[in-house]
Amino acid sequence: MTTTERDHGAVAPQASGRPEIRERTLRTDRWWLAPLVNALGLATFVVYATIRSFWGSAYYVADYHYLSPFYSPCLSASCVEGAQHFGSVLPEFPVWIPLAIISLPFLLGFRVTCYYYRKSYYRAFWASPPACAVREPHTAYSGETRFPLILQNAHRYFFYVAVLISLINTYDMVVAFQSDAPDGTARFGLGLGNIVLLVNVVGLWLYTLSCHSCRHITGGRLKHFSRHPVRYRIWTTLSRLNTRHMLFAWITIGTLILTDLYIMLVASGTISDLRIVN
Ligand code: FES
């Protein structure tokens, strides 16, 4: 038995794979709390987003042009009048196809392959590992070097589409500052829904721009920062944002749900939008 085993009840790291820990855990704190909270938070979002994506109604407020982010861009002839901010370029969909089928797979791919969410759901759902210094139930570990987890490397490509979708969400938010006057003309309008949409869009940009891939795209593969002062400046700014990526990941889960929920309540007539101007 080595010194390490005698002193800590664990064997030294092996040449390959992860260290073996004989004790179930060496930790005395409530290490299980973080994976539990993460599992509940992620499961809530997945269930809510799935239900609402297939809901098919109460996603657009015609009077104030509020469009739920779960239905953007709405390009099908099945979309309600006015929700097609970019035109009706697709035919009618059967009820089992979400109206935002164009964007949802990419948004899902972007979130699922996100470096932070990977850490979060590997720990929360696969217990791989559940936490630092806690024995994991799996006997083999190949990391992300084989199928299917090697597909996580597609994250950088999902990033480009996520930027495009953030631009579309920004357009939706700007369009919503128009409300219809009694004579049918468009005029400036401001309500609580606008503020909800604005906060959501700001959160989405912070999450997207703080992405590790974004940081690499702007400042990676450079040998001399001094020869690329603009890229260096952008990279340092994004690096600062990047330190809060986990925070933005959770904030946007909350703002996406709240934005859709608010629009659903207004669109269904359950509540009225709190109007500030027009
Ligand atoms: S690392 Fe999280 S979105 Fe790219």
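Helices (H or I, at least four residues) and strands (E, at least two) are taken here as DSSP runs, numbered from the N terminus. The structure is a predicted model, in which local features need pLDDT of at least 70 and side-chain atom pairs count only at pLDDT 80 or more, while totals for chains, interfaces and linings use all residues. Residues are numbered from 1 along each chain as its sequence is written, and side-chain values use heavy atoms, with hydrogens and water left out.

The chain contains nine helices and six strands, and its C-alpha atoms fill a box of roughly 85 × 50 × 35 Å along the principal axes. Of its 278 residues, 40% are buried (under 20% relative accessible area with a 1.4 Å probe, protein chains only). Among contacts (heavy atoms within 4.5 Å) with a separation of 6 or more, 64% link residues 24 or more positions apart. Confidence is given by pLDDT, the predictor's own score for each residue from 0 to 100; the chain has a mean of 91, and 92% of its residues reach 70 or more. Residues 1–15, however, stay under 50, and the model has 16 contacts beyond four places in sequence for this stretch. Where pLDDT is low, the predicted coordinates should not be read in detail.

Beyond its neighbours within four places in sequence, Ser103 is in contact with Ser72, Pro73 and Ile165.

The largest pocket has a volume of about 710 Å³. Of the 30 residues lining this pocket, Phe45, Ala49, Leu107, Leu108 and Arg111 are the closest to its centre. A pocket is an open set of points on a 1 Å grid over the protein atoms alone, where a 1.4 Å probe fits and protein lies on both sides within 12 Å along at least five of seven lines; lining residues have an atom within 4 Å of a point. The volume is the space filled by probe spheres set on the points, which are joined across faces, edges and corners. At least two lining residues come from each of H2 (33–55), H3 (104–112), H4 (115–125), H5 (155–175), H6 (192–209) and H9 (245–267).

Helix H7 (residues 212–219) has Ser213, Cys214, Thr218 and Gly219 buried. These buried residues pack against H5, H6 and helix H8 (229–242). After H7 comes Arg221, with a positive phi near 60 degrees.

Methods:
Buried means under 20% relative accessible area, exposed over 50%, partly exposed in between (1.4 Å probe, protein chains only).
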